[in-house]
Amino acid sequence: MEHDVISGSCLCGQVSFSFQLPYVFFQCCHCSQCQKNSGSAHAANILLKIEQFEWKTGQDLVKRYELPRAEYYCTSFCSNCGSAMPWHSRNGRYILVPAGALDDDPGVKPERYIYWESRAPWYVPPGELPVFDEEP
Ligand SMILES: [Zn+2]
Ligand SMILES: [Zn+2]
């Protein structure tokens, strides 16, 4: 399982990529930057070594934004549809893959929440709300 190739793509489908496990970490980040970038309660990010990762199509469409005040934080997105896309670390050794972009089940799950103290005031942990398979 851990050596399978896992694929991902953006909403419009023009950007696609693949990678191999194992990950360095797989975590959900509740920091205010990840809330802004994801438009949601938290990011879900898989960190890989750069050699485990490969762009398949549309790499020229991928735009990168380095937050000036942050030492590490970047964002990356498809310039056509705006979907969050993988971005490489500033030292070029790692790549951070947003798990929501995956097309396959990676067979692994996040191992932790980070920046929990910064979580959105409206965030409700899973298990505390009723669930529906589709819109009720
Ligand atoms: Zn796209
Ligand atoms: Zn974050």
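Which residue is the bridge partner of Gln27 in E10? The answer is Arg112, and the paragraphs below lead up to the sheet in which this pair sits.

The structure is a predicted model, in which local features need pLDDT of at least 70 and side-chain atom pairs count only at pLDDT 80 or more, while totals for chains, interfaces and linings use all residues. Residues are numbered from 1 along each chain as its sequence is written, and chains are lettered from A and ligands numbered from 1 in the order in which they are written.

Read from the N terminus, the chain runs β-β-β-α-β-β-β-β-β-β-β, which comes to 1 helix and 10 strands (helices, H or I, of at least four residues and strands, E, of at least two are DSSP runs, numbered from the N terminus). Strand E1 (residues 5-9) and strand E2 (residues 16-20) run antiparallel and are joined by 5 bridges, with Val5 having Gln20 of E2 as its bridge partner. Their hairpin has 6 residues between the strands, and there Gly13 takes a positive phi near 85 degrees.

A further 5 strands form an open sheet of mixed pairing, in the order E8-E9-E4-E3-E10, where two strands pair if DSSP finds at least two bridges between them. Strands E8 (87-88) and E10 (112-114) stand at the edges with a single partner strand each, so one side of each is left without a neighbour in the sheet. E10 pairs with strand E3 (residues 25-29) in the parallel sense over 3 bridges.

As for the whole chain, its C-alpha atoms fill a box of roughly 40 × 35 × 30 Å along the principal axes.
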